[in-house]
Structure formats: structure tokens, C-alpha cells
Amino acid sequence: MKEHFDDPYVKKSQQDGYRSRASYKLLEINDKDKLFRPAMRIIDLGAAPGGWSQVAAKLVGDKATIVASDILEMAPLPGVAFVQGDFTEQAVYEAILAEIGEEKADLVISDMAPNMSGNSSADQPQAMYLVELALDMAAQVLRPGGNFLVKVFQGEGFEEYLKTMRAQFGSVITRKPDASRPRSREVYLLGRQFKG
Ligand SMILES: C[S@@+](CC[C@H](N)C(=O)[O-])C[C@H]1O[C@@H](n2cnc3c(N)ncnc32)[C@H](O)[C@@H]1O
């Protein structure tokens with residue numbers, strides 16, 4: 001709790017009106033990689049409480065389509081459609097696809113992470129399962145040339161996952177934004193130029 005309240009990004013998010021410190025991870029990645037432009041079609045997976053969706057909504061304007069989803073509730077955000085449910089359930093996966101519609105998407109972002117028990121032999125497979133499903137969805141919805149940003153935990157399965165992403169995207173880069181705690185095994189993989 002002390003770490004949380006002393007965290008400069010927590011303080012900054014309260015001042016700036018962002019719902020989570022995670023917003024600064026996306027803002028930093030966007031500063032470097034220019035993910036957003038007006039009128040994009042975006043899916044935000046693991047979106048609650050909504051920090052990433054807030055950043056996306058701000059940067060893409062009111063002609064954009066943003067579909068956010070989480071197993072938890074999320075307070076409404078203007079310009080963001082929300083699907084609540086467990087992403088590993090087929091019905092939820094289908095509901096997200098239905099909400100984004102037939103037209104292909106430009107960007108899929110996933111900050112999903114399971115509740116960590118601290119036991120990496122249980123946590124890592126769960127985390128990998130979520131990112132594999134997120135990649136599966138990205139491959140279904142992205143237009144050729146589209147981008148996919150995903151939080152992945154380094155450990156068992158990471159290298160294999162990176163290899164799979166490399167086969168599907170023109171380039172894949174790794175980002176570890178300052179707002180990502182150094183001791184966390186999380187990194188962000190950005191796949192650009194989906195091959196389709
Ligand atoms: C780090 S938080 C996301 C923070 C968010 N990007 C933001 O900026 O506010 C990870 C999220 O993944 C969600 N999550 C974990 N497992 C999930 C699942 N099976 N289906 C849907 N969401 C899941 C959690 O509920 C949590 O809200």
C-alpha cells in the first residue's frame with residue numbers, strides 16, 4: 001500500500017484525471033511509437049479501470065471506434081463501447097467481435113494480466129494463455145498493416161510467443177516503459193505491420 005501511495009505515477013494519474021497509473025505506460029509507448037491517429041478502430045483488452053481507454057479516446061477523436069473489455073466492471077467512458085466478461089470464454093470473445101463489427105481494426109491493445117498468486121509455475125501459464133488468445137483475436141480482426149500492443153510476462157513460453165508474433169508482423173519491438181516497475185517481469189511487445 002505504501003509503495004502504491006508513494007508512487008509518482010499514482011499521484012500524477014490523480015492530478016491528470018487518469019483512472020490508473022497504467023495510462024503513463026501507454027502514453028510513453030505512444031510517444032515513441034505513434035500508435036494513435038484520428039478515426040481509428042481499436043480493441044482494448046483488459047481495459048478496467050479504463051486508463052488505456054482514456055488515453056486512446058483522447059488521441060483518436062470522436063470519429064473513432066473503441067471497444068474495451070474486461071472481466072471487471074468499468075465505469076462508462078465517452079466514445080468507448082464496453083463488453084464485460086471473461087475473455088477466455090467463447091461468448092465474451094464473440095461479443096467483442098460483434099461489437100467491433102465486420103470492418104477490420106487498426107489496433108489491438110492488451111494490458112490483460114491474471115491475478116498473480118506469486119507462484120510463477122501457476123501464474124505464467126495463465127498469463128501466457130491470455131496473451132495467446134489476445135494474439136488470436138488480433139489476427140482475426142486486424143487489417144493488413146495494423147498494429148498489436150500486448151503486455152507479456154517474461155518466463156516460460158515468452159520466447160515462443162515472440163517467435164509467433166514475428167511470423168505474423170513485419171516487425172516486433174519490446175518496450176519497458178518507465179512506469180512499468182523494474183522488478184516486474186512484464187514487458188510490452190509491439191507488433192507492427194500485421195501481415196494479414
Ligand atoms: C493491469 S490491469 C489493466 C489496466 C488498464 N489497462 C488501465 O489502463 O486501466 C489488467 C486487467 O486485466 C483484466 N483481466 C485479467 N484476466 C482477465 C480475463 N480472463 N478476462 C478479461 N479481463 C481480464 C483484469 O481484470 C484487469 O483489469
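## Basis

Residues are numbered from 1 along each chain as its sequence is written, and side-chain values use heavy atoms, with hydrogens and water left out. In this predicted model, local features need pLDDT of at least 70 and side-chain atom pairs count only at pLDDT 80 or more, while totals for chains, interfaces and linings use all residues.

## The ligand site

The ligand is surrounded by 20 residues, each with a heavy atom within 4 Å of it. The closest are Trp52, Asp70, Asp86, Phe87 and Asp111. By class, this shell holds 11 nonpolar, 5 polar and 4 charged residues; Ala, Val, Leu, Ile, Met, Phe, Trp, Tyr, Cys and Pro count as nonpolar, Asp, Glu, Lys and Arg as charged, and the others, Gly among them, as polar.

Oxygen atoms of the ligand lie 2.9 Å from a polar side-chain atom of Ser20, 3.2 Å from a polar backbone atom of Gly50 and 2.9 Å from a backbone N or O atom of Trp52. Taken alone, the ligand exposes 600 Å², and the protein buries 85% of that (Shrake-Rupley method, 1.4 Å probe).

## Start and end of helix 2

Helices are DSSP runs of H or I with at least four residues, and strands are runs of E with at least two, numbered from the N terminus. Asp7 caps the N-terminal end of helix 2 (residues 8-16), with a side-chain oxygen 2.6 Å from the backbone nitrogen of Tyr9. After helix 2 comes Gly17, with a positive phi near 80°.

## An aromatic pair

The whole structure has 6 aromatic pairs, meaning rings of Phe, Tyr and Trp (its six-membered ring) with centres within 6.5 Å; planes under 30 degrees apart count as stacked, over 60 as edge-to-face and the rest as tilted. The rings of Trp52 and Tyr188 have centres 5.7 Å apart and planes at 40°, so this pair is tilted. Trp52 is in helix 4 (residues 51-60) and Tyr188 in strand 7 (residues 186-194), 136 residues apart.

## Two backbone features

Most residues other than glycine have a negative phi, and most peptide bonds are trans. The bond from Ala48 to Pro49 is cis, with omega near 5°; Pro49 is in the loop between strand 1 (41-45) and helix 4. Lys34, not a glycine, has a positive phi of about 50° and lies in the loop between helix 3 (22-33) and strand 1.

Conventions: A polar contact is a pair of N or O atoms within 3.5 Å; within protein, one must be able to donate a hydrogen and the other to accept it, and residues adjacent in sequence count only if both atoms are side-chain atoms.
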